[in-house]
Amino acid sequence: MAEFFTHALSLVSSPSVLLLITIGVLFGIIGGSIPGFTVTMAILVVFPFTFAMDPVSGVSIMIGVFVGGYSGGLVSGVMLGIPGTPSSITTVYDGYPMALKGEPGRALGIGVLASFIGTVISVAVLVLFGPLLAKFSMNFRPWEISTLILFALTLVAGLSNGRLLKGMLAAALGLLITTVGYDRNSNIRFDFDLPTLSSGFEILPVMIGIFAFSQLMENIEKLGDKDSAHKNVSMNVTIPYAKIVKDIMGQKINTLRSSLIGSLVGALPGTGGTVANFISYDQAKKFSRHPEKFGTGIPNGIIASEASNSAVAGGSFVPTLALGIPGDLPMAIMMGVLILHGITPGPLMFEQNPVLVGAIYASLLIGAIVMVLCQLFLVRWFARIALIPQQVLVPVVLMLCAIGAYALNNNLFDIWVLFGFGIIGYLLWKADVPLTPLILGVVLGNNLEQQLFRALELDGSWLTFLTRPLSATFIVLSVLSVILALRQNKKINMQRTDDGGSSPLHRDSTPDHKP
Amino acid sequence: MKHNKIISIIFSSTIAASASAFSLSAAADTYPEQDIRMVIPYGAGGPTDIIFRQIAREAEKELGVSIIPVNMSGAGATLGSRNVKDAEPDGYTILGGHDNIALSYIAGMVDYSYDAFAPVARVTQTFNMPTTYPAHPVMDASEIPQYIEDHPGEVKFSMIPTSTDHFFWMQMFDAMGIDVADVKLISYPDTTEQMSALMAEEIDFTITNAACCSSFYADGTFRPLGVAHSERLSGEALQDIKTFQEMGFDMESATSRGIFAPTGTPQERIDILADAFETALQNADLKEKLITELGSEPSFLAGQEYQDFLQENQHSLEKVAENIAF
C-alpha cells in the first residue's frame, strides 16, 4: 500500500494537479463563504469541468473544492453572523461575538487552524480505520439512526440557554416545517393544492432565510441605536498569529475530541455532517469548566465547531470508498466523477485502482495545506468586511443569499421560501425564540421520520429500539443529555437572577439568536 | 399624390411582411442559435444524470450549441417534468426523463403523462435486475416463489414508492404468481439507501442495475438473480446473468430514458434534435461507455415509433398498477 501512496503523492504533487487543487480550494472557500452558496453548489459547478480531465485531476480538484468549501463556511459566520452552510451554524455562536468584540482576525484564524487540524485527523482516521469503521457502520440501521437523531434533538435543551420552553417550541416548529410535501409513501401533506409546495421546503433557503434575515435586520436596527456598544469597539482586522496558536494549544483535547466526533459522524450513514457541529459544540460545552462562557466569544466554541465540520470531509469518504455508498450529496457527485471515468467506487476500488485511492488521501492532505495557505492570504481581506458599512453590506448579502437560494435547484420558489422564512425568523427573533432549535428540527425532521417508520416497517415492535445495543445506548445518552442540560439551564438561570440581568448572555449585549 | 402614398405604404408593408416571413423561416433554418437547456429531474451524480450528460456532450457536437444540463430534483421528479411541460415550446428547453413520467401520473401525483410532451427520442434502455446478498439461500429468480412459500409474510422486498422498481416487483409477482399479501414491501428514498440496506442484510431483495452496481456483481458483494429481457446483457460482469425468459417467466422490464420537449414545439426543431441524438448514439466510444460502465443499451427510437412505444409502455404500466393501492 505504501508504494501506491508514494506513487499517488507524486502524481498529485505534479504542478498541473497542484494548480487544479489550488483553484478548487479557492473556489470552495469563496463559494462556502457566500451564505447560501455552500459546498454542494460549489461542487456542482465544478462537476462538468471534470469531464474533460483525467481521473486523478478530476478527483483532486473536487476534493480541493470540498476542503475549501467546508472551511469557507466560517467566514460568513464570523464576519456576518450568518452561517455559510448548515455545518457552520455553531461557529457563529462564538465566532461572531468574538468579531463584534473587535477580534475578527483572531476568530477567523482560529477557525482556519481548527479546520486544518480537523481535516488532517479525519484523513488519519480514514486511512487507518476506514474499512473497520465501514464495517461497524453496517450495524447502523434505522433503529440506531433514529435514536442518534433523537439524541441530536435533545441538544435543543442545551442550545436554548434558559429559554427551554421556547427552544422546544422552535424545534417542534422546525419538525412541522419538514412535513410539507410528499411523505415517504407519496401521500401529499400541507400542500394547499399548490404544485409548488409538493416538494416541500428546501432546507437551505429556510436556514438562510431564518438566520440571515434576522441577523441583517438586527444590524439595521443597531444602526439607529446610538447606545450600541458595537460602535465603540475598535476593529482589529489584523491576524494575531501568536495568539491564535496559543488559543489552539490551550484546547488540545477539545480539538481532538471535536475532530473525532466529526470523523465518526461523517462516516455514519443517514446523519450528515450538519449534526456533527451541533454534537461537537454541545460536548465541548458539557466538558468545559466554564460552560456559561460559551456564546460570548471564546475560542473553545469556534474550535469545537470548525474542527468537527472539517473532519466530516474525511469521515464521509469512509462509506464512499470502503462500501461504494456515498455518505451525502457531495460524495454522490464525487462518485459520479469516478463513474464517468470508468471507475466504480466500491470494495473493488482498493484492488483495481489503489493509486486513485492513494490520490484521494493525498489530495485531502494537500488540499488541507493549500487551504491554510490560501486562507492565510484571504483572511486579511475577509476580516476587512467588518469595516464595510451595514448600509452597503446588508443589501449585498441579501442579494447573494437570493442567488444562492435560486442556484440550488433552479427553482424561483426557493427565493420566496427565503423571503417568507426570513420574515418568520425575524418575528421569532423579536419574540425571543431561539432560532437554532428550529433549524435543528428542519434539518433532522425528514430523516427522523423516514428512519423511524422504516424501522417499524421492518420490525413492527417498539421494543426493538431497546433490545438493539447501539440503539439502547443512544436512548440512554439522550436521557442523560436532557438531565445534564436541564441542570445546566438551572445554573444559568440562577446566575442570571444573581447577576441582576447583567450576565453576558443577556439580550442587549450579544446577538440574540445564538445562545 | 395621396394615391402614391397609399400604394407606397401597401408596397412597403408587403415587403416588410414577406421579409419577416422569410426571417421566420430563416430562423427555423438556423435553429439552434442559442444554448439548449436540458432539465434533468434528478440529483447530480446519479445514473440518470450521468447518462444524459454523457449523451448530451456528444449530441452538442452535432448541434453546434451547448446543451446545458440543469438539475431540478424534487417531488419524485415531477418538479423538473412540470417545469419543462410549462416551458416555451421553442426547442430550447428539453427534458431528460424516463418511465417515471407515466408512473407519476398513474400514482396520482400529477395530472399529466407522456401526452403532455412532444417526445423527441428514446436514447437508452437500462435493464433492472432483482438482486440479493451473497449469504442468501436464493441463487436465482426462479427460486424466489418457493422461498416465499417457505417463509410466508417475512420476505422483505425494498422499493422506491411509485418508482420503476415498485412497478417491476408488481410485474414480477404477476409473472411468477406471487401474492403481494405474502411479502413485505419496504420503502426507501433512493438506490443508495437500498444498496446499504441490502449490504447490511436488512432486506432480502432489491432491484439494482449495472449503472450502480456492476463492480458489486463482479466482486460478489451482490448477487444478481436474473434480467427481465429477452437476451443476455453484454459485458464481462453481466453476461452470466440468466434471463427471465430462460427461467420460464415472460417478462420484459427496462427503464427507457428519452428526451422530451414541451407540446407545441415545431416539428422541424424536434427532428433536428432527434437527428443530433441519433448521430451521438452512433459514436463508438459513447456506446462502449453506456454499455460497460452505465449498464445501458443505446436504443434510439424517434418519431411515430417512439410515440407508439410510449403509448404501449404506459398501457402496460397501467395494467400493472391495477394491483397497487395508491
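Chain B is divided into domain 1 (33-126 + 254-321) and domain 2 (128-224), with bounds that come from an automatic or database domain assignment. This is a predicted model, in which local features need pLDDT of at least 70, side-chain atom pairs count only at pLDDT 80 or more, and totals for chains, interfaces and linings use all residues. Residues are numbered from 1 along each chain as its sequence is written, and chains are lettered from A and ligands numbered from 1 in the order in which they are written.

Back to the two domains. Taken over C-alpha atoms, the centres of domain 1 and domain 2 of chain B are separated by 27 Å. In contact are 16 residues of domain 1 of chain B and 13 residues of domain 2 of chain B; contact means that C-beta atoms, placed from the backbone, lie within 7 Å. On the domain 1 side, helix 4 (100-106), strand 9 (254-262) and helix 11 (303-321) of chain B each supply at least two residues. Helices (H or I, at least four residues) and strands (E, at least two) are DSSP runs, numbered from the N terminus. Helix 4 of chain B has the largest share of that side, three residues.

Now the core. Which residues touch the most other members of the largest nonpolar core? Among its 253 residues, they are A:I43, A:M62, A:A152, A:I360, B:I94, B:V120 and B:F277. Such a core is a set of buried Ala, Val, Leu, Ile, Met, Phe, Trp, Tyr and Cys residues joined through C-beta atoms within 7 Å, and buried means 20 or more other C-beta atoms within 10 Å of a residue's own. Helix 16 (residues 354-383) of chain A gives the most to this core, 15 residues. Leaving out residues up to four places away in sequence, A:I360 touches A:V59, A:I63, A:F317 and A:L321.

Last, chain A as a whole. Its secondary structure comes to 21 helices and two strands. The radius of gyration of chain A is 22 Å, close to the 24 Å that the globule rule gives for 515 residues, so chain A is as compact as a globular protein of that length. That radius is taken over C-alpha atoms, and the rule is 2.2 Å times the number of residues to the power 0.38. Buried residues make up 58% of chain A.

Definitions and conventions: Buried ≥ 20, exposed ≤ 12 C-beta atoms within 10 Å, placed from the backbone. Contact = placed C-beta atoms within 7 Å.
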